[in-house]
Amino acid sequence: MTEALTTNSKSKPRSGREAAVGRLFVLEVSGSRIHSMSPDGSDRKVIVSDCRLPDGIVVDVGAGHIYWTNMGSSPSTNDGSIERADLDGRNRRVIVPQGVTFTPKQLQLDKESGKLYWCDREGMRVMRVNLDGSNLETLIETGHGDEDRRDARNWCVGIALDVDRGHVYWTQKGSDNAGQGRIFRAGLEIPTGQTASTRKDIELLYDGLPEPIDLDLDLTSRTMYWTDRGDPPRGNTVNRAPMDSRKDPEIIFNHLMEGIGLALDLKNNRMFMTDLGGSVYSCGLDGANKKNLQFAKGNLSGIAYAEIPLISEAKR
């Protein structure tokens, strides 16, 4: 979701606010790199290299940081990690080291509480940690051990936050094209007397989906959006559906090549998405005004959009 102060990619200060420039941050799995580019796909730069299969990314504009997840060398190995760098890729440091999370996927930031949230796919968990790497917690655990790990119905992938109402949302993809995908909601805190694996406040919102991946929320309209990498016609799409009522999901973008990353820019009424085919796309929140911003640029995963103060941008 947008971390923004202004509504244009370049704009003049208004009401004492700094001018800002819009930037996309895109993860390339095949090259293990992080790219930064303008919202129209121009001015593409590699800002971080030698990642370990990066998947999820989030921007902390105020602190001038990006955080991203690394899936690690093998899904069956507990060697995922989370790193941080400045917006230009400098001052890189490890926040969550190897040996703590199996396959960290989409990542979200709760700036007010100073916490990162992510889904651990083969770890079958929803997790969080303080921004400095302390106080690691497992909030939801959908399985335990190698037998459960082989069941893709337990794999947690996409994640989104509704901090004001105290909820975390996440996807569980299921097996490839099996129609086992689901979207859940639960409280940000484990109920008293319960555990990550026994908590009773988990709500199933949608099921029977092809393969839901990344997730984002429009909290004003109470609408959730997600990518789906399953087979057409319902897969390789971007979908939206109400957060608080049960209506059939609406497909608003199709013909992705295994859709993965998703980032809403609510200020500008648009979204950005990536696929493993190497494309970056944009469209309106209703699916109108579709654009292909980048094509055949490796295997792309996570994406984030932010509006960066021009002072910070000038330092890149």
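Helices (H or I, at least four residues) and strands (E, at least two) are taken here as DSSP runs and numbered from the N terminus. Asn289, for example, lies in the loop between S22 and S23.

The model is predicted: local features need pLDDT of at least 70 and side-chain atom pairs count only at pLDDT 80 or more, while totals for chains, interfaces and linings use all residues. Residues are numbered from 1 along each chain as its sequence is written, and side-chain values use heavy atoms, with hydrogens and water left out.

## Backbone features

Phi of Asn289 is near 60°, a positive value in a residue other than glycine. Burial is classed by relative accessible area, with buried under 20%, exposed over 50% and partly exposed in between (1.4 Å probe, protein chains only). Asn289 counts as exposed because its relative accessibility is 56%.

Ser32, which is not a glycine, also has a positive phi, of about 50°. Ser32 is found in the loop between S1 and strand S2 (33-37). With a relative accessible area of 13%, Ser32 is buried.

A cis peptide bond, with omega of about 5°, joins Pro232 and Pro233. Pro233 belongs to the loop between S17 and strand S18 (237-242).

## Salt bridges

A salt bridge is a side-chain nitrogen of Lys or Arg within 4 Å of a carboxyl oxygen of Asp or Glu. Across the whole structure, 25 salt bridges are found. The table gives some of these pairs.

| Salt bridge | Closest N and O atoms |
|---|---|
| Glu137 and Lys115 | 3.8 Å |
| Arg222 and Asp162 | 2.8 Å |
| Glu203 and Arg185 | 3.0 Å |

Glu137 forms a salt bridge with Lys115. This pair links distant parts of the chain, 22 residues apart, with Glu137 in strand S11 (residues 137-141) and Lys115 in strand S9 (residues 115-120). Glu137 is partly exposed at 23% relative accessibility, and Lys115 is buried at 13% relative accessible area.

Arg222 forms a salt bridge with Asp162. Arg222 lies in the loop between strand S16 (212-218) and strand S17 (223-228) and Asp162 in strand S12 (residues 156-162), so parts that are 60 residues apart in sequence are tied together by the pair. Arg222 and Asp162 are both buried.

Glu203 forms a salt bridge with Arg185. Because Glu203 lies in strand S15 (residues 203-209) and Arg185 in strand S14 (residues 181-187), the pair ties together parts that are 18 residues apart in sequence. The relative accessible area is 29% for Glu203, which is partly exposed, and 7% for Arg185, which is buried.

A network of salt bridges links Asp162, Arg185, Glu203, Arg222 and Asp244.

## Nonpolar cores

A nonpolar core is a set of buried Ala, Val, Leu, Ile, Met, Phe, Trp, Tyr and Cys residues joined through side-chain atoms within 4.5 Å. The largest such core has 17 residues, of which Phe25, Ile34, Val48, Ile57, Val59, Ile66 and Trp68 touch the most other members. Two or more residues of this core come from each of strand S1 (20-28), strand S3 (45-48), strand S4 (54-60), strand S5 (65-70) and strand S24 (300-309). Apart from this core lies another, of 13 residues, among them Leu139, Ile159, Ala186 and Leu188.

Contact means heavy atoms within 4.5 Å. Leaving out residues up to four places away in sequence, Val48 touches Ser32, Arg33, Ile34, Ile66, Trp68, Gly89 and Arg92.

## Cavity and pocket

On a 1 Å grid over the protein atoms alone, a cavity is a set of points where a 1.4 Å probe fits but cannot get out, and a pocket is an open set with protein on both sides within 12 Å along at least five of seven lines; lining residues have an atom within 4 Å of a point. Grid points are joined across faces, edges and corners, and a volume is the space filled by probe spheres set on the points.

One cavity of 30 Å³ or more is counted. The largest cavity holds about 40 Å³ of space. Its lining consists of Val26, His35, Met37, Arg44, Val280, Gln294, Lys297 and Leu300. For residue classes, Ala, Val, Leu, Ile, Met, Phe, Trp, Tyr, Cys and Pro count as nonpolar, Asp, Glu, Lys and Arg as charged, and the others, Gly among them, as polar. The lining of the largest cavity has four nonpolar, two polar and two charged residues.

The second largest pocket has a volume of about 180 Å³. Of its 14 lining residues, Arg270, Phe272, Ser282, Asn289 and Lys291 lie nearest the centre. Strand S21 (270-275), strand S22 (280-284) and strand S23 (291-294) each give two or more residues to this lining, and S22 gives the largest share, three residues. By class, the lining of the second largest pocket has five nonpolar, five polar and four charged residues.
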